[in-house]
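Me: Please go through this structure with me, taking the helix packing and then the ligand site.

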Amino acid sequence: MNATLERWTTRRAFILAVTGAAVGLGNIWRFPYITGENGGAAFLVLYIAFVLLLGLPVMMAEILVGRAGRRAPMQSLGYLAGQAGASRHWRWLGLFGAFTVFCILSFYSVVSGWSIEFLITAVNGDFVGRSAAEIGAGFDAFLADPRRLTFNHTLFLVMTMTVVAAGVAKGLERLNNLLMPLLYLLLVLLAIYAATTDGFVPALAWLFKPDLSVITPLVVMHAMGHAFFTLAVGACALMAYGAYMPEHQSLPRAAGAVAVLDVSVALLAGIAIFSVVFSQGMDPGEGPGLMFVTLPVAFAELPWGALWLSIFFLLLLLATWTSSINLAEPMVATLQGLGLGRGKASAVVGIAVWLLGLLSVLSFSNLAEWRPLFGMNVFELVTTIPTEVFLPVGGLLIACFAAWVMPQQESRAALGVSESGFLLWRTVVRWISIPLAAVVLAAGLL
Ligand code: PHE
């Protein structure tokens, strides 16, 4: 095992790579629909609280483990546990993370495939002049066609695994970093446009005026899961990136920058999408199709709408591409650790993910009513359990490892902050993040 991995050369490169992993479907697709399903502002308040109290401190924990270990996740955990005189079994946490991202990538690829389909439809100008009802009906017909879903799912996965196998993720990240500001700008433009519609004021009220009575233990658990998902925390995926972090970079500052970017993308998307929802009299709790129906409606009303919409889906695709590479990486690294070559490992991961993804594809047609667990079909299961249970459990264990198991001087050096900064981080993780995650999980599951 190569203990001295190559480092990213600049601080910016590290922040941008982590942002590439964080910003994706979670912000633009999942955040609006999950907020819509869970009562709006109250959910938003919980989600932001979880980002601050849990997501951020645990993100630092995860990256610092990678930075201290300077190896692939399983090896870093095993090595550091050995150094601390703790059980080597900690390394299985890396495997658990790989299993988590396996489940997540299976639906991530299917939904990113929807963006491919929408990109093509947008380029053809097929959304222009169509009403919200027509676009909604078109989306439903698309979902009911497993062949089209499979084609797009396959295409997206091939795109992802090719980059992973060729080891050119850095090149793609560079492109992404160049274009991410453009995605941001487009969302700002959309939000400004949203301000001119009559759905804007109700949208702001829905997003920012909390009705606390909607909060239940399950809503709290959804908010916690989403905080982990959107920040890409809890699956050892960021741990892998931490291994490449430059020596003299403040980890808290980098993590803070990523979180601010990530949350602001979600908020902009939320403002744009809910303005359309309310101006068109749609249902905020519409579910996973929310973004795919509202954004074409919004863009269709703008001058040059088809062009903007095409650019939007192109940028979204790029954002999901970099996230899915980050999702695939821990699995490929794990298989490589077992002695497989990079190309073979990528092929194995790609095929396994593809097969599981087929069950998500069919959850909208033939297998819609096949509910193997908890009354949920496969798509509902893979979008819920790995995100809301596995990521928090993984995050909790990573946090325990970094704040309780690792020797203090080791974790402090890897965090790259002063003594008082370190103590603040460790106190928050030990006495707020860990108990909070444990209580929310217990309340939601029991
Ligand atoms: N954060 C990504 C998104 O919001 C998803 C992701 C989760 C990526 C976990 C890596 C690990 O789309």
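The questions and answers below follow that order.

Reply: This is a predicted model, in which local features need pLDDT of at least 70, side-chain atom pairs count only at pLDDT 80 or more, and totals for chains, interfaces and linings use all residues. Residues are numbered from 1 along each chain as its sequence is written, and side-chain values use heavy atoms, with hydrogens and water left out.

Me: At what angle do helix H3 and helix H10 pack?
Reply: Helices here are DSSP runs of H or I with at least four residues, numbered from the N terminus. For H3 (residues 41–69) and H10 (residues 217–231) the axes are 8 Å apart, and the packing angle is about 50°.

Me: Which residues of H6 meet H13?
Reply: Contact means heavy atoms within 4.5 Å. On the H13 side the partners are Phe 292, Val 293, Pro 296 and Val 297, and those from H6 are Ala 132, Ile 135, Gly 136 and Phe 139.

Me: Which atom of Tyr 108 lies 2.5 Å from an oxygen atom of the ligand?
Reply: The residues surrounding the ligand, each with a heavy atom within 4 Å of it, include Ala 21, Tyr 108 and Phe 229. A polar contact is a pair of N or O atoms within 3.5 Å; a polar backbone atom of Phe 229 is 2.8 Å from a nitrogen atom of the ligand. For Tyr 108, the atom lying 2.5 Å from a ligand oxygen atom is a polar side-chain atom.

Methods:
Axes are lines fitted to C-alpha atoms, for helices over the stretch in contact, and angles run from 0 to 180 degrees between N-to-C directions. Helices (H or I, at least four residues) and strands (E, at least two) are DSSP runs, numbered from the N terminus. A polar contact is a pair of N or O atoms within 3.5 Å; within protein, one must be able to donate a hydrogen and the other to accept it, and residues adjacent in sequence count only if both atoms are side-chain atoms.
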